[in-house]
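Have a look at it before reading on.

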Amino acid sequence: MNTLLELSGVSVSFDGFKAINNLSFQIGEPELRAIIGPNGAGKTTFMDIITGKTKPDEGHVLWGDKATSLLGRSESQIARDGIGRKFQKPTVFEAQTIRENLAMALKGDRGPLDVLFHRKTPAGTSRIETVADEVGLTKDLARPAGELSHGKKQWLEIGMLLAQDPRLLLVDEPAAGMTPAERAHTTDLLRRMALNRAVIVVEHDMEFVRRLDCKVTVLHEGAVLAEGSLDHVTANQDVIDVYLGR
Amino acid sequence: MMKPGFLSQNQSVLWFLATLGMFTLGVTALAEATGTGALSTSFVKTLGKTLCLCLIAIAMDVVWGYCGILSLGHFAFFGIGGYAIGMWLMYARTESIVSESLSAAVIPPTDQEIVEAIGTQIFGVVGSSDFPVIWAFADSLGLQLLMVILVPGLMALVFGWLAFRSRVTGVYLSILTQAMTLALSLYLFQNDSGLRGNNGLSGLQNIPGFDATPQSMISIAFFWASALALGLGYLLFAFVTSGKMGSVVRGIRDDEARVRFLGYHVESYKLFIFTLTAIIAGIAGALYYPQAGIINPAEIAPIASIYLAVWVAIGGRGRLYGAVIGAAFVSLLSSWFTGGGAPDISLGVYTIHWTDWWLVLLGLSFVAVTLFAPKGIGGLFDLLIRKEGSR
Amino acid sequence: MLRTILIILAVCVTAPHTSAAQDLQSLLQSHQRLVAKPSAKTVGVVLDDLASSGLSGTADFLEKWRNKDLWVRKEDGRFFYTAMAEAQLTLLDIDTGQVVGTTSKKHLKQIRPNGGVRKAIASALVQFQLNDPDITRRKAAVDAIARAMTADQLAPLEAAIDNEADADLKAQKMRLAVMLRASFAPTTEARLAAITALSDDISVDTRAVLNQILTTKRHAAVSIPSDLNVATQLMVGKDISSLDAYAMLVDANLAQPRVKASDIVSVLSANIENGRVAGTPVRLLDTIEAREKAYDSLAAAGAAPTRITDAAAQRLIETHVFFDSYSESDIRVTAAAKLALDGIETRVAISHAADLTLDALSLASIYFLAAIGLAVTFGVMGVINMAHGEFIMMGAYTGYVVQLFVPNYTLSIIVALPLAFAVTFAAGVALERLVIRWLYHRPLETLLATFGISIALQQLAKNIFGTQARPLTSPAWLDGAWVINDVIAISYIRIAIFVLAIIFLSLIVWILRKTRLGLEMRAVTQNPGMAASMGINPDRINMLTFGLGSGIAGIAGVAIGLYAKVTSEMGADYIVQSFMTVVVGGVGNVWGTLAGATMIGFLQKGIEWFNPSNTLAAQTYMILFIILFIQFRPKGIVALRGRAAGD
């Protein structure tokens with residue numbers, strides 16, 4: 001298992017408030033990792049830093065086999081490097097059909113001229129259909145995304161990530177607002193995706209994390225508090241203190 | 001280049017082109033020079049100008065309705081196109097007049113004397129006779145036509161690059177484009193702008209080399225040219241807004257950050273759309289002003305770009321034919337009202353003169369459209385189609 | 001009281017010289033011949049006697065005498081002033097001014113003093129006027145000297161200083177005397193001392209005196225003559241164009257005039273023979289080279305003056321010198337004057353900078369006033385209101401209408417300010433209720449809808465008030481300007497606007513920070529849901545906030561209307577700048593708006609300073625600068641950073 005992404009000594013502050021404080025973290029490929037932590041632990045900022053939305057004040061973010069730095073690369077470059085992100089609130093293009101949504105995410109050239117003269121290929125079409133099948137949206141391909149239920153929008157977004165074919169997937173609270181059945185389906189999806197790529201899941205719901213059955217990292221006040229299996233970290237006194245209050 | 005299936009997938013484009021073709025033929029058949037004469041030359045010119053306005057309206061629709069950039073600067077690009085072609089028209093025509101008057105001299109004039117005389121003719125009104133640097137290519141139609149494309153294109157490219165690069169979006173971008181327009185019009189109002197200050201460029205309806213051709217014929221020629229430009233522009237934009245490009249561009253409109261995380265360099269796309277539409281706006285202007293006959297800085301004032309947004313909003317954003325309907329409907333209605341065509345309404349104590357009240361009506365109906373019919377007139381088509389479908 | 005003192009003083013001054021003559025006529029009769037036929041040599045006696053007489057009509061008499069308004073009756077040699085009455089002359093007694101009778105012109109003789117005499121009289125007159133008991137006449141005399149300074153005024157002026165009772169006038173006389181000494185004092189030392197004394201006075205007239213001393217004349221010569229006080233030698237091509245240099249040589253008869261292009265054309269056209277000029281066909285004469293060649297052939301044949309070639313002209317210019325010399329021959333005086341003037345120019349430049357700063361400050365206040373309402377609606381609420389400019393206009397028209405009914409300007413402004421607030425507050429609330437509240441979170445739509453409102457309101461104002469500008473007159477006590485020196489002056493109205501801006505700044509800060517309304521406002525804008533759950537009615541707060549922002553625009557309208565004209569388009573003139581002010585300063589922050597207004601005000605004045613004649617260019621460059629500025633600080637000067645600033 002090679003190290004795919006490594007953060008070392010990363011700090012970032014907003015107006016004096018240290019959102020991330022000397023954080024070090026690494027993940028291999030393939031791997032499934034859950035990140036938990038109380039509100040304000042810096043989970044969202046952590047993802048913002050990896051995806052290039054926030055520039056850290058200090059520290060390194062190294063990516064891939066050649067350990068290239070991600071600092072100074074734009075969001076779109078980082079996305080093209082192979083990092084996909086799923087937002088907490090499902091963000092799909094509601095005015096467009098499922099097929100268009102997936103087509104947009106499909107791995108391929110991203111330059112304006114390539115896109116302008118882009119032709120549909122049978123390979124692309126079949127890839128879209130495969131992904132749609134995987135997230136259970138085959139019947140809905142021609143429908144506008146806005147008509148989907150909340151849970152289906154979550155799946156569509158995961159489907160878009162699949163279509164993107166990233167090496168690292170950042171998933172922010174995928175189970176929020178889902179029925180138990182949908183949750184089970186989502187857990188399966190994530191675990192299957194983690195078979196050949198790195199997946200980081202940020203989640204509040206302990207039950208959901210338990211079902212993922214993977215290594216857990218606990219964030220607190222912008223730094224790693226504990227790391228290990230879920231049972232290991234929940235036995236950690238610091239973690240108990242943080243979650244239950246002193 | 002285009003996908004074979006492009007037109008068959010976009011039947012509305014075919015419908016539009018067919019309608020435009022029929023309209024062009026109809027007007028030709030009714031015009032003075034080529035038909036029965038039921039339409040006066042000045043009305044043919046008005047129709048030709050309206051087609052140019054439709055062209056800039058679809059450009060505005062692409063940049064705003066599809067890409068979500070509410071540009072309040074596209075009329076500035078339109079004006080620049082007009083100025084660029086106006087410079088050649090004015091230079092060439094003055095040159096022929098000056099050469100004629102100087103040919104009577106005992107000693108034949110030198111080239112320099114001719115240029116000086118042209119300079120005096122053109123810049124006399126602003127108390128100058130020297131040609132500013134920007135007129136360097138005014139003697140060449142080809143280069144000046146190139147300017148019609150290059151100047152708005154480069155301006156849009158530089159401005160867009162600066163603005164998009166620093167992630168200025170939404171209303172901020174609108175205000176910034178409005179400021180750009182204001183700066184340009186203030187600059188042009190100066191007498192030493194090199195473009196005759198608030199006198200602007202005039203006599204543009206006289207096409208050099210066609211002195212003997214009657215205006216009725218010239219008006220038809222420009223009408224055809226405008227129709228052709230609108231048709232081609234419509235095709236181009238329909239192509240750009242269809243398929244994957246259209247998908248990405250609409251994605252940028254609805255959720256820019258999401259598109260970025262899909263790996264698209266959003267700024268390049270915006271810049272591409274902004275620049276392309278600016279160039280089309282310049283071309284529309286270059287066709288419009290020879291039909292209008294005069295261009296001055298007031299044409300570029302920020303309010304003109306706002307009216308452009310009004311047309312597109314009333315016609316219906318996010319659909320090309322909506323922009324065409326809006327521009328044609330509102331601009332023709334506007335000239336009907338302001339030209340005194342609408343009958344006054346007497347209320348006993350007060351008589352409503354539409355020349356005074358038209359703008360009030362337009363402003364308020366614009367508010368009403370924004371509030372109650374965000375899809376504009378084009379939204380009515382949706383209702384019709386849905387009814388057809390449910391039957 | 002003052003008058004009594006003056007009379008006493010006048011008596012004191014004249015007392016030692018009291019003469020036997022009781023009135024002017026008798027005194028003049030004692031010098032009858034000298035008055036009737038004055039000559040430069042003898043007039044002094046009469047003038048001295050008149051001076052020592054202390055008679056009140058003396059100044060008047062001298063003036064009439066000089067202006068040839070004095071007549072003598074042939075039969076008895078008595079002097080009269082006259083007035084024309086048809087063919088007859090009305091005689092006026094020179095002491096009392098009473099009508100004495102009328103008589104035909106032939107019985108009288110007009111006294112016409114020659115130039116020398118008139119000069120002597122004028123000089124004496126200056127002295128009389130400068131010592132006149134009536135202060136307005138003394139002032140007039142001083143002003144007259146200041147307007148046109150001559151050498152002979154110096155002595156009388158100096159003599160009139162000590163006895164001056166009025167302190168202000170005395171200071172003025174002393175200052176004027178220094179100026180006169182600088183130009184006309186008999187010794188170089190006295191002039192140098194006077195010039196040094198002038199060197200810390202930046203007024204326009206001082207500079208005029210020094211510039212007068214430093215007047216130069218331009219010369220062209222073979223070499224610099226030693227008897228001239230040379231100011232600068234001119235470099236051809238740098239200080240003076242070679243064209244002008246050659247023209248100077250021609251003027252100084254040092255060179256032949258060059259043949260102009262138009263001369264060549266007329267010579268050529270006069271020498272056409274069979275379609276040819278000097279053998280060249282006319283149709284080939286369409287280049288300068290061909291024309292010159294043909295002309296040279298004609299010149300060689302003697303048919304025209306020889307053309308001086310560029311090279312020859314250049315040689316002539318190189319073999320001569322061009323320089324400016326002072327009309328003042330004393331090099332020490334010119335050096336001192338130059339030093340003094342340079343010093344003054346530096347101070348003037350500093351004063352200009354100070355004046356510009358004041359100008360910029362008042363412009364900044366105007367931008368601030370125009371933008372502060374926006375800072376509330378756009379900055380705090382995030383609602384973009386393109387009709388904001390029209391609210392400014394509404395406020396200004398409210399002021400205008402109030403002045404139609406309330407003739408007292410002070411009262412009318414006092415009434416107009418709260419009324420304008422009320423009117424635009426109501427308009428703002430109406431706009432918020434009817435339009436904006438349906439469009440929250442759709443900023444572009446809000447922008448468009450308010451554009452519609454803006455278009456409609458502008459046209460409505462045109463329909464009601466017409467297209468011409470309407471006056472909004474400020475009270476008389478706001479007229480005029482606070483003059484610090486000849487360079488720095490600021491009109492009271494601008495000071496009032498500045499004060500108003502400060503009041504508004506404090507008021508807004510107070511409302512936002514210290515009042516319940518401000519607290520609720522911030523709560524609603526930061527988290528409407530949470531605020532609502534705490535019992536705050538967000539609808540009401542939004543309505544009030546928008547009303548407040550609009551109301552401030554109304555008051556700003558009155559202030560701007562006082563300073564500029566009220567037209568239906570005045571709002572449109574301010575709207576872009578106002579948004580720029582808010583955006584540049586940093587949205588959501590009143591201090592940012594202040595910073596933005598200050599920056600834009602100073603920037604615009606700064607640009608105008610480089611190119612004072614062109615306000616349009618200044619605005620153009622300012623906007624371009626702002627566009628660039630936003631590139632580098634997209635969140636404005638006072639930026640909120642981090643997650644609080646939103647994404």
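## A hairpin in chain C

Keep in mind that this is a predicted model. Let's begin with one pair of residues in chain C: Leu89(C) sits across from Thr103(C), which belongs to strand E4(C). The two strands involved are E3 (residues 88-93) and E4 (residues 99-103) of chain C, and they pair in the antiparallel sense over four bridges.

Between the strands of this hairpin there are five residues, and Gly97(C) has a positive phi near 80°.

## A helix in chain B

Over in chain B, helix H13 covers residues 320-338, 19 residues in total. From first C-alpha to last, H13(B) reaches 27 Å, close to the 27 Å expected at 1.5 Å a residue. After H13(B) comes Gly340(B), with a positive phi near 85°.

Several residues of H13(B) are buried, among them Leu320(B), Val324(B), Val330(B) and Phe337(B). Glycines are on that list too, including Gly322(B) and Gly326(B). What do the buried residues of H13(B) pack against? Their partners are five helices of chain B: H2 (11-30), H3 (41-66), H8 (215-240), H12 (302-315) and H14 (354-372).

## Where chains A and B meet

Chain A brings 30 residues into contact with 25 residues of chain B. Together the two chains bury about 2700 Å², and 62% of that is on carbon and sulfur atoms.

One salt bridge joins the side chains of Arg250(B) and Glu100(A), at 3.5 Å from N to O.

## A closer look at Ser76(A)

Is Ser76(A) buried or exposed? Its relative accessible area is 2%, and buried means under 20%, so Ser76(A) is buried. You can find Ser76(A) in helix H2 (residues 75-81) of chain A.

Which residues does Ser76(A) touch, leaving aside those up to four places away in sequence? They are Arg260(B), Gly263(B), Tyr264(B) and His265(B).

Conventions
Residues are numbered from 1 along each chain as its sequence is written. Chains are lettered from A and ligands numbered from 1 in the order in which they are written. This is a predicted model: local features need pLDDT of at least 70, side-chain atom pairs count only at pLDDT 80 or more; totals for chains, interfaces and linings use all residues. Side-chain values use heavy atoms; hydrogens and water are left out. Two strands pair if DSSP finds at least two bridges between them. The expected span of a helix is 1.5 Å times one less than its number of residues. Buried means under 20% relative accessible area, exposed over 50%, partly exposed in between (1.4 Å probe, protein chains only). Contact means heavy atoms within 4.5 Å. Buried area is the accessible area (1.4 Å probe) that two parts lose on being put together, summed over both. A salt bridge is a side-chain nitrogen of Lys or Arg within 4 Å of a carboxyl oxygen of Asp or Glu.
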